[in-house]
Structures are given as structure tokens and as C-alpha cells.
Amino acid sequence: MAESELMLQAQDLNVYYGSIHAIQGVSFTVNKGEIVTLIGANGAGKSTTLNTISGLLRSKTGSLTFQGENIGGMAPHAVVRKGIIHVPEGRRIFSKLTVEENLEMGAYTRPGRELNDAIAGVFDRFPRLQERRKQVAGTLSGGEQQMLAIGRALVSRPSLLMLDEPSMGLAPILVEQVFSIIQEIHRSGVTVLLVEQNARMALSIADRGYVLETGRVVLTGPGKELLANDSVRKAYLGS
Amino acid sequence: MIVLQQLINGLQLGSIYSLIALGYSMVYGIIMLLNFAHGDIIMVGGYIALLIIGAGIHPAVAIIAAIVGCMVLACVIEKAAYAPLRKAPRISLLITAIGVSFFLENVAQLLLSANPRSFPNTAIIPTANFNLGSLNISLTTLVTLAVAIVSMALLTVLVNRTKMGKAMRAVSEDMGAAQLMGINVNRTITFTFAIGAVLAGIGAILYCCKYPQVKPTTGYLLGMKAFVAAVLGGIGSIPGAMLGGLAIGMAEVIVNALGYTTWADAVVYVILILVLLIKPTGFLGRTMSEKV
Ligand SMILES: Nc1ncnc2c1ncn2[C@@H]1O[C@H](COP(=O)(O)OP(=O)(O)O)[C@@H](O)[C@H]1O
Ligand SMILES: [Mg+2]
């Protein structure tokens with residue numbers, strides 16, 4: 001594994017919602033070519049962490065470095081231009097825009113001449129979206145909406161793809177599908193930071209994982225090791 | 001025939017209300033603000049045109065200056081007064097808008113006095129009438145309808161076909177997700193204000209050509225009617241604002257035609273109250289569709 005080349009480094013993040021101290025001194029790294037997962041119970045601070053990286057929230061302290069560049073405090077639209085794409089929790093597709101328009105928004109930062117190729121690439125991966133290209137996205141099924149959310153992220157050709165609970169609310173067969181898509185995307189050269197409540201699935205495809213508990217990193221290690229860890233098994237794998 | 005005549009009058013007035021209602025609706029759609037300063041932008045546009053024509057400069061220059069002036073003013077207001085409140089509660093934003101409205105009215109009064117000034121409408125659209133049988137249509141009416149239709153068609157193309165228009169719709173629906181696409185939300189919001197103000201500037205000229213006078217409170221009642229039109233059409237909806245404007249114009253003309261002239265303005269408020277009681281989402285209000 002490409003262990004060496006550091007891509008994203010988060011150091012001592014502290015994020016507040018008013019007086020709620022949601023992230024308390026979180027540090028972690030993502031190396032180029034890895035799948036890294038953040039797992040933890042509901043409310044542990046996983047989404048807050050991703051929102052901080054993508055610039056929707058600010059950390060009071062510490063630093064965020066992406067490919068050697070400080071991205072802490074950058075506006076979200078500027079972070080996107082650096083090649084970090086965040087697929088937020090709950091998919092957040094534009095339900096009143098068509099499937100195609102959603103993809104166009106995903107490609108917002110790309111030059112116009114690349115648009116058709118980029119969208120064609122997504123349609124290759126998700127033929128279902130092509131069939132529904134003129135359809136308003138709000139009429140898609142949950143699974144299709146998740147495909148659209150991922151497709152919308154891919155059109156911008158990210159270097160780092162951050163996914164927040166992509167399997168949430170999906171039937172088991174779709175969950176399998178989503179995880180295999182993530183692996184495919186990863187094989188195509190995209191580094192992945194994956195947030196999941198489905199810890200078993202996430203750890204089984206991840207190179208490394210971090211366990212978050214009430215805003216702190218309590219455990220870290222290779223995915224396989226965490227999968228075998230007793231306290232992780234008890235708390236997150238239900239065995 | 002008299003019905004047709006009134007229909008045409010209603011269309012003329014209504015299309016002006018539509019142009020102005022669009023600015024209300026688009027701004028509400030994107031930042032949930034009832035921008036009560038929007039009406040006063042029209043007053044400023046009216047004064048700009050009036051003063052420039054009064055100075056003996058070509059009316060075409062005056063028209064362009066009025067429209068550009070409205071646009072610049074709206075962008076300045078947005079940057080100075082609304083942008084700092086992006087994360088504040090909606091009510092703070094609303095109160096600020098009311099404050100801006102009072103500010104503009106009072107500045108106008110200070111600089112230009114409270115007395116109405118007559119607007120040189122014939123310098124912009126010459127007096128001419130066409131008779132079709134017993135139907136009498138003025139050139140002002142024809143120009144108003146043509147300009148309003150073209151403006152709204154262009155707006156529709158802008159919003160549905162261009163990258164910026166799509167970004168506007170994306171930001172309206174989900175500002176956070178739009179940011180994650182790399183859309184510069186602040187720029188998109190400013191752009192929305194600018195478009196709304198351009199339409200208001202066009203509306204200002206057309207309105208002043210129909211009712212040729214300007215005073216510091218010109219924007220108040222006009223803004224109010226356009227606001228009701230936006231609510232009636234379904235606030236946030238662009239076709240809704242167009243329909244709502246036409247409906248309010250028609251209602252006003254009908255009430256006048258029936259001889260209840262003194263009631264014409266009150267009827268607008270009655271419509272507002274009825275809409276809010278019976279169908280707060282208006283004709284084409286947003287219906288939320290969410291799927292898991
Ligand atoms: N918008 C918000 N306002 C206030 N508190 C919030 C907000 N979002 C999240 N929190 C709190 O921050 C903590 C972390 O939340 P979150 O990052 O969403 O957790 P996770 O994604 O791991 O489920 C929780 O205690 C949650 O209640
Ligand atoms: Mg979450």
C-alpha cells in the first residue's frame with residue numbers, strides 16, 4: 001500500500017456548535033491511495049469532522065493540510081477546487097433539478113468543454129442515471145439518489161472523495177452495491193475518506209480506521225485489526 | 001368589448017407587477033428573505049430616469065442608467081446589509097430589510113423632497129393610440145407588454161438553461177450542498193439580487209410611463225402589491241410570480257372598472273389575507289418532495 005505519501009492531515013481539530021464542543025482535539029491522516037474510515041456511534045462527531053474539512057464548519061484550533069497546502073478556514077467552494085469532494089450525509093441531491101442538471105452542478109468547477117465527457121463517464125458507471133437523465137431527481141428511488149450523489153461527486157474528478165454514511169437507509173443488497181462501487185472508485189485512483197455506521201463493512205474495505213467517541217479519536221489502526229479488536233467488536237459490531 | 005379593454009389594461013398593469021414580483025420571489029427563494037427594500041429600488045430607478053431626462057440627456061441613456069442604478073444599488077444593499085447576516089436568524093434579516101426600506105425613502109425625501117415630481121413619460125414612449133374597432137390600445141400598453149414578455153422569456157432561459165441559473169436553483173434548494181459542488185454561494189446570491197433589480201428597474205420605467213410621477217413613497221405601495229403577487233403565485237416560484245403579478249393587476253383593474261376605485265388598494269391586502277388563510281403556498285408554491 002502507498003503508505004508514505006501524506007494527502008490530508010488533520011491536527012488538533014476543535015469544533016463547536018455554540019457552546020457544544022462537538023470535536024475535541026481530533027487528529028488523523030489520510031495517505032494518497034488509501035481508504036480511511038471514521039467509525040463511531042451516532043453523535044460521535046463524524047459528520048462534523050467531514051464538514052470541517054470541506055469548509056462548512058471551522059475549527060477553533062489546529063490545522064488542516066491537504067497535499068502540503070493549508071486548507072483550514074478556506075471557503076467550501078475553494079476546498080472543492082483543491083480536489084476534495086464531500087458527499088454529505090443524507091445525499092442532499094437537488095431534488096428539483098433533473099438528474100443531468102445535478103451532474104452539471106457536480107461539474108461546476110470543471111471547464112465547460114470537459115462537461116460532456118465527465119457526465120458520460122458517470123453514465124457508464126451508472127446506466128440507470130442515464131435512463132433517468134431528464135427526470136427530476138426528487139422522483140428517484142433512495143438507491144438511485146445515492147448513485148446520483150456519488151456520480152455528482154465523481155464528475156468533478158476528485159483526488160479525495162469523502163463519503164458520509166453512503167449506505168444509510170438502503171436495503172442490504174444496495175448496501176453491498178454501494179460498497180463495491182466505493183472499491184471500484186478507489187481502484188480507479190481516488191483516495192477515499194469514508195464515514196460509516198456500518199462499521200463491519202467499512203472496516204473490511206478500509207486500509208485504516210479511526211474510532212470516534214464523543215468527539216475524540218479513541219482508537220486507530222489498520223481496518224483488519226480494528227475488525228478483530230475486542231472493544232470495537234463489542235461496541236460497533238454487535239458481537 | 002369593454003371586457004377585452006379591461007383585460008388588456010389588466011395585462012399591462014399585471015405584467016409590471018410580475019416583473020417586480022419576480023425580484024421578491026427569487027430573493028426569497030434563495031435566502032428566505034422578504035426583501036421589503038425591493039419596492040424602494042423602483043423609486044430610485046424612477047428618480048434616476050427622471051433626473052437624467054430632466055438634465056436634457058437622451059432617454060435611452062436614462063433608461064440604461066436607471067436599470068444599472070437599480071442593479072448596483074441592490075448589490076450594494078445585499079453586500080452591506082444582508083450578507084453580514086447570512087447566519088443570523090431570518091427575523092434579523094427581515095427587520096434589516098424594513099430598515100433599508102425606510103432608509104431609502106427618507107434619503108429620497110431629504111434629497112428630493114416629499115413632493116411628487118412628474119415623470120417625462122412621453123420622452124420614453126411617445127403618446128400614440130391604436131383603435132381596433134371600439135378597442136383602444138396605447139403605445140405604452142404595447143411596449144409594456146412586449147418588454148415584459150421578452151424580459152420574462154429571457155429570465156426563464158437564464159434560470160433554466162445557463163450554468164449560473166442552474167446554480168441559482170441549486171443554492172435555492174440547498175445552500176450547503178451547493179457549496180459542496182464548488183458553487184460560490186455569495187456570488188450566486190448577489191447575482192440573484194442583481195437580476196431581480198434589473199427586472200425592477202425595467203418595471204420602474206414601465207410603471208412610471210403608466211403613472212407618470214415619482215415620489216419617495218412610490219415604491220411602498222407598488223412593492224406591497226408585487227409582494228402580494230409573489231405570495232399569491234407561491235413565493236419562491238418564478239412562474240408563480242409571473243402569474244401572481246398578472247392576477248393582482250387583473251384584480252385591481254376589475255375592482256376599478258366596477259367603480260370601487262377607492263377599494264382597489266385594499267383588495268390587494270384582502271387577497272394577501274385570503275391567500276395566507278386558505279393556501280399559504282399560493283398557486284405554485286413549493287411542495288417538498290423527499291425520499292429515503
Ligand atoms: N447543527 C448542530 N447544532 C448543534 N449541535 C450539533 C449540530 N450538528 C451536530 N451537533 C452535535 O454535535 C455532535 C456530533 O454530531 P455529528 O458530527 O453529526 O455526529 P455523527 O455524524 O458522528 O453522528 C452531536 O452531539 C450532535 O448532537
Ligand atoms: Mg453523521
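Helices α1(B) and α7(B) are oblique to each other, a class for angles that are not under 35 degrees (roughly parallel), over 145 (roughly antiparallel) or 65 to 115 (roughly perpendicular). The model is predicted, with local features requiring pLDDT of at least 70 and side-chain atom pairs pLDDT 80 or more, whereas totals for chains, interfaces and linings use all residues. Residues are numbered from 1 along each chain as written, chains are lettered from A, and side-chain values use heavy atoms without hydrogens or water.

**Exercise 1.** Describe the contact of α1(B) with α7(B).

*Solution.* Step 1: the axes of α1(B) and α7(B) (residues 163-173) come within 6 Å and cross at roughly 55°. Step 2: α1(B) contributes B:Met26, B:Gly29 and B:Ile30, and α7(B) contributes B:Met168, B:Val171 and B:Ser172; contact means heavy atoms within 4.5 Å. Step 3: by class, four of these residues are nonpolar, two polar and none charged.

**Exercise 2.** Determine how α1(B) packs against α2(B).

*Solution.* Step 1: α1 (residues 2-31) and α2 (residues 38-54) of chain B pack at about 135°, with axes 10 Å apart. Step 2: that angle makes α1(B) oblique to α2(B). Step 3: the contact is formed by B:Ile20, B:Gly23 and B:Tyr24 of α1(B) with B:His38, B:Gly39 and B:Ile42 of α2(B).

**Exercise 3.** Is B:Ser151 buried or exposed?

*Solution.* Step 1: B:Ser151 lies in α6 (residues 139-161) of chain B. Step 2: its relative accessibility is 11%, so B:Ser151 counts as buried (under 20% relative accessible area; exposed is over 50%, partly exposed in between, with a 1.4 Å probe and protein chains only). Step 3: B:Ser151 touches B:Leu19, B:Leu199 and B:Ile202, not counting residues up to four places away in sequence.

How values were computed:
Axes fitted to C-alpha atoms, helices over the stretch in contact; angles between N-to-C directions. Helix = DSSP H or I, 4+ residues; strand = E, 2+ residues; numbered from the N terminus. Nonpolar A, V, L, I, M, F, W, Y, C, P; charged D, E, K, R; others polar.
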